[in-house]
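Thanks, everyone, for making the time this morning. I would like to walk you through one model, starting with how a chain is divided and ending with a few individual residues.

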Amino acid sequence: MENKKKGFNLRTVIPLATIIVSLVFIVVGLKNYGFWNAQPTPGFFPIIIAVVLLASSIACFVQIARDKNSDEVKYNRNELMVMLGAAGIILCTFLIGLVPSCLIYIFLWLKFVERAPWKVIIIIEIIMAAIILGVFTAWLQIRFPMGLLGDLIF
Amino acid sequence: MENFLSLLAGFQVALAPENIGACLLGAVLGLIVGAMPGIGSLAGCALLLPLTYKFNPTTAIIMLGALYYSNMYGGSFSAILLNIPGDSPAITTALDGYPMAKKGRPGQALMAANMASFIGGTIGILILTLTASGLATLGLKFGYAEMTLILLIAMTSISWLIGENPIKGIVITMLGILVASIGMDTLSGAPRFEFGNMYLLGGVPFTPFIIGCVGFAQVIKLINEREADEKKRANEDSKTKLSIRQSMLTGHDFKRMLPPTIRSGVMGTFVGVLPGSGATTGSMVGYAMQKKFKSEEPMGTGAIEGIAASEAANNAAAAGAFAPLLALGIPGSGTGAVLLGGLMMWGLNPGPLLFDSNPEFCWGLISSMYMANVFTLLVAILVIPFLIKILSVPVKYMIPIITCVCIVGAYSTSNSMYGVIVMFVSGIVGYLLDKNGFPTAPMLLAFVLAPMLEKNMRKAFIASQGSLKIFVDSPLKLVLLAVFLVLILTPVVKSIRRKMQAKKAQA
């Protein structure tokens, strides 16, 4: 609501971002890879695409800015929590390894976010451990990172 | 005749024990993942893609084909029992499937969906058997310019068809192409747009990118469906029990569903062959077509004809989509793009030459689809008594599970945390795009097709020494160019007409 008062439409963020991306590709492409040198150079195709992206992004920006009827995009805290949860696993992987990070995350999420009963938590933990260790580690022979702690111990 | 001999040879490949096992495993996993509400065939295939890495290319792609196929079956389960389509092609199935379940015939509704899927799929695979190699032979006559135009048509049509807003479709398609251009130049192999980052030298890895854009983005969205899911489950009769015997169709049921199944099966296959359409369009066209025919009960009130039309069309379209994928290297949908990416990872380049260079693979895959169809039907029938249990996993418990599967899957395909970071970033980007009404499927399709498009376009220009005439110097090219222009201009003209009509109405 506040955004509307300030006159800034959150929906325009995506076309603005794609305008920036297209400009970066045009500038870097022209500067480093060229466009045409008797035949198409490595920059030829990306530059054409970036120009089309720039034009369509501007059109999209104008279209969204003119459209006063559509609702603002609403983001909620829960969505951020999912992202933070995944980011937490990635960060913890460097410390305690990927498999423990995943299992701890599942426990924390189910216990404190979903308030799941212990029985459900234990079943899901066992299933996930079986999938990760059985399918990925034993069958697919994936060596998951152990993290600093794991490297110190093993 | 030649096709059928090749098909028999294909069965020799498909009937190898490891291929039968992979096909069965794919059918079971695909069915379970497809049945989970909110995941769908695209995310399902992306999430299960890492599991195929253990196999040789033929076995892997047979498993992937079975996964894709059984996902289509699975999507109808939650649509019928919970009124939550597991996948977008199952939206039309829910229109009659759920009311039929509410009328006390959930088992028969599931059986009708399974039988229609099987018959529709068989029609699709038969047509694929007859046409795929012919399409490949036609494709052999295509030069760089023709392929460039065909790839442009494929990209254009998908962006128009998936989104309501053509401009957003173009934006997202172009973004997908630019992401694909990061790494190495397709012709010279020189580094390009790596921005000094050594990880980017190898480009954006395909599987983590797909898992992120589709799987992780889906998890972020799922969190908003928790409450609706809880409410819906609270209203469901949790004591519903299903058995195979209770689910059997009567002769009268079968008589009612057979004509729409055959009609929609044939029509769905042709919809699936068109670049950019896919199973969702197939099921919608099939359902819309059935409305024009007589049904014993009104459509939308639990008519078995509606379930049959929708399911037969979407499975036939799924099979039909393999024709341009194998013969021309053009996927018809986002899921097709995942399959194409899978093929490329194993060093197979789908296109006109594939039928010549790897006939055992092509025919092995086509024959395995017959096998997958039979296996999936059997598994789908056997799983009926356990469906209530599979579907009773609440969305809220699936969130941490799928998040971990995304992370573990992304790591296992790249063997580095770089893959996990790509998955995470592309997941957030995919979620933001989706939230703002930018469909992500065209981006995936563009990501997969871009290297082919660039290679063909540049080679066409090199061959013509920079002249644009190469794109208009034959009747075939003119037709392709006309189709491309029509696809680009139609939505624009429609949009202008809509605005003019709105202005007139206001005046």
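Predicted model: local features only at pLDDT ≥ 70, side-chain atom pairs only at ≥ 80, totals over all residues.

Along the principal axes, the C-alpha atoms of chain A fill a box of roughly 60 × 50 × 25 Å, and buried residues make up 29% of the 154 residues in the chain.

As for secondary structure, chain A has seven helices and zero strands, so that reading along the sequence gives the pattern α-α-α-α-α-α-α. If we take the contacts in chain A with a separation of 6 or more, 58% of them are accounted for by residues 24 or more positions apart.

The C-alpha atom of Ala129(A) is separated by 7.3 Å from that of Leu103(A), although the two residues are 26 residues apart along the chain.

Let me turn to the contact between the chains. How many residues does each chain bring to it? The contact takes 53 residues from chain A and 47 residues from chain B. On the side of chain B that touches chain A, at least two residues are supplied by each of α8 (166–180), α9 (206–222), α20 (395–414), α21 (417–435) and α22 (441–463) of chain B. Of these, α20(B) gives the most, with eleven residues. Sorted by class, that side of chain B has 34 nonpolar, eight charged and five polar residues.

The axes of helix α5, residues 91–102, and helix α14, residues 304–320, both of chain B, come within 8 Å and cross at roughly 150°, and the crossing in which α5(B) passes α14(B) is left-handed. Among the residues that meet here are Leu95(B), Asp96(B) and Met100(B) in α5(B), and Ile304(B), Ile307(B) and Glu311(B) in α14(B). By class, this contact has five polar, four nonpolar and two charged residues.

Finally, two backbone details. Most residues other than glycine have a negative phi. Arg115(A), however, has a positive phi, near 50°, and it lies in the loop between α5 (98–113) and α6 of chain A. Arg115(A) is exposed, because 8 other C-beta atoms lie within 10 Å. Asn415(B) also has a positive phi, near 55°, and its place is the loop between α20 and α21 of chain B. With 12 other C-beta atoms within 10 Å, Asn415(B) is exposed as well, since the class takes in residues with 12 or fewer.

Notes
Residues numbered from 1 in each chain as written. Chains lettered and ligands numbered in written order. Contact = placed C-beta atoms within 7 Å. Helix = DSSP H or I, 4+ residues; strand = E, 2+ residues; numbered from the N terminus. Nonpolar A, V, L, I, M, F, W, Y, C, P; charged D, E, K, R; others polar. Axes fitted to C-alpha atoms, helices over the stretch in contact; angles between N-to-C directions. Left-handed = near helix turned anticlockwise from the far one by under 90°. Buried ≥ 20, exposed ≤ 12 C-beta atoms within 10 Å, placed from the backbone.
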